[in-house]
Amino acid sequence: MENLVSKMINVESVQESYVLPLGKRPGKLIVPLCKTIPVVNLGGGDGRDQTEIIQQILKASQEFGFFQVINHGVSVKTSSDMLSVAKEFFEMPVEDIATLYSDDSKQICRVCTSIDYDKEEVHYWRDSLRHLCHPVEEYMHLWPQKPTIYREVVATYSVEMRKLGSRLLDLIGEGLGLESGYFGDELSSEELLMINNYPACPDPSLTLGLPKHSDPNLITLLLQEDVYGLQVFKDGQWIGIEPLPNAFVVNLGHQLQIISNGMLRSADHRVVTNSSVARTTVATFIHPSSECIIEPAKPLVKAHGSPLYRAFQYKEFNSNYRAKIKDKRWRLELGLLLLLGTDGGGIGRMVELLDCSLLLLWSLAAPTREGWYRDRSGAVMEVVAGYGDDGAAVSWRWRDIAVGKRNPLHSYCGGWFK
Ligand code: OGA
Ligand code: NI
């Protein structure tokens, strides 16, 4: 059954199932629009050479995990046609949209509300239409038939996005010192297009269009209109991404953080709603094939000394990513159990235990093995001394890796050991 928020016309208050718990609401806080998220001019002719462009992209990818691109070679018409047809789609009568509604994530082309409507505790103020699009000929017949120009417009747009995505990946690869074409083939073989529609909301302080998340794919290209809503989490605070005319917002997904062995980062972001107008965005997610093996690129492992992530199949990452919430609850319980069995150590210790309970349990069981270990929750622990002959306690410290903080990414790809 469809539950489209786009069709909740004239609602005066936010339905209870969309009201976030207190600590998770965006509230009435004014978030500054960020002028510091880099805007990279990809066009030539202004005296900058390619090396300079690469340096800008790499710096932005290290510091923010986000940047915007202008003069990117995608025509204004291609983008504006895409946005128009995206809006038109959600303006169609509910019967026309409902035929595509499905909560089954295996459907190649589907409409859904929020994220996982049937299973989640609170819903998000968003409807989306998503489908695969590369190669176009393979998927086009599965795309919506209405509006009648949908397939034509989206075919042109997705081919352009593929080109832009490949260009950016080539620049990133070159900047990282990887062989040319490194991200071609399997690592970027899939392209998923997602139209997000965030209707005007009677009280934006209570709900979100999308919660704090980092994209699980390789790289994302976002077309947004002139309505603000996207925020990035940087240095402990939210900053708003300013909508710029004819620009794409680019953000790195988890796979780029892993392949770059933590040199580049995938940043957390979220979407807020507003009470006056609907906001429509078109996200293109470029991602590896599900069989593809992901691992830190060899030259970057060499440069760093050791791999920060183990190798895994992309489909394994995806299923861990989806299972994350269940996993969290389980860890919490085990953490508390462990806490009861230890000699205390204050709040700091408790936080560590909650996050790292499984790891700790293992390390206490096999305490003489020194080295690096990483648990499913994202913490990295370095055992710096095992039990000595005199029975000295095992000593460990939490390592700060990749982004300067405990890194949730490991819960999807880390497993137990490096
Ligand atoms: C997403 C996303 C941002 C936006 O779809 O993953 O972060 O502004 N979208 O729609
Ligand atoms: Ni996202």
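This is a predicted model: local features need pLDDT of at least 70, side-chain atom pairs count only at pLDDT 80 or more; totals for chains, interfaces and linings use all residues.
**Ligand site**

The shell around ligand 1 is made up of Asn196, Tyr198, Leu210, His213, Asp215, Leu222, Leu230, His269, Val271, Arg279, Thr281 and Phe285. By class, six of these residues are nonpolar, four are polar and two are charged.

| Residue | Side-chain atom | Distance to an oxygen atom of ligand 1 |
|---|---|---|
| Asn196 | N or O atom | 3.3 Å |
| His269 | N or O atom | 3.0 Å |
| Arg279 | polar atom | 2.9 Å |

Ligand 1 on its own exposes 290 Å², and the protein buries 95% of that area. Two or more shell residues come from each of β6 (190-198), β7 (210-213), β12 (269-271) and β13 (279-287). Of the elements, β13 contributes the most, with three residues.

**An open sheet**

Five strands form an open sheet in the order β1-β10-β9-β12-β7, and their pairing is mixed. β1 (33-34) and β7 are the edge strands, each of which pairs on one side only. Within this sheet, β9 (residues 230-234) and β12 run antiparallel and are joined by three bridges. Leu230 is opposite Val271 of β12, and both Leu230 and Val271 belong to the shell around ligand 1.

**Cysteines**

How many disulfides does a search of the whole structure find? The search finds zero. Cys133 has a relative accessibility of 1%, so this residue counts as buried. Cys201 is likewise buried, with a relative accessible area of 1%.

**Backbone features**

Most residues other than glycine have a negative phi, and most peptide bonds are trans. The residues below depart from one or the other pattern.

The peptide bond from His134 to Pro135 is cis, with omega near -5°. Pro135 sits in the loop that links β5 (127-132) and α4 (136-139). A cis bond is also found from Lys146 to Pro147, where omega is near -10°. Here the proline is in the loop between α4 and α5 (150-176).

Asn71 is not a glycine, yet has a positive phi of about 50°. This residue is located in the loop between β3 (66-70) and α2 (76-91). Its relative accessibility is 47%, so Asn71 counts as partly exposed. Asn246, also not a glycine, has a positive phi of about 55°. The loop between β10 (237-241) and β11 (248-252) holds Asn246, which is partly exposed at a relative accessible area of 48%.

Key: Residues are numbered from 1 along each chain as its sequence is written. Chains are lettered from A and ligands numbered from 1 in the order in which they are written. Side-chain values use heavy atoms; hydrogens and water are left out. A residue is near a molecule or strand if one of its heavy atoms lies within 4 Å of it. A polar contact is a pair of N or O atoms within 3.5 Å; within protein, one must be able to donate a hydrogen and the other to accept it, and residues adjacent in sequence count only if both atoms are side-chain atoms. Accessible areas come from the Shrake-Rupley method with a 1.4 Å probe; for residues, only the protein chains shown count as cover. Helices (H or I, at least four residues) and strands (E, at least two) are DSSP runs, numbered from the N terminus. Ala, Val, Leu, Ile, Met, Phe, Trp, Tyr, Cys and Pro count as nonpolar, Asp, Glu, Lys and Arg as charged, and the others, Gly among them, as polar. A disulfide is a pair of cysteine sulfur atoms within 2.5 Å. Buried means under 20% relative accessible area, exposed over 50%, partly exposed in between (1.4 Å probe, protein chains only). Two strands pair if DSSP finds at least two bridges between them.
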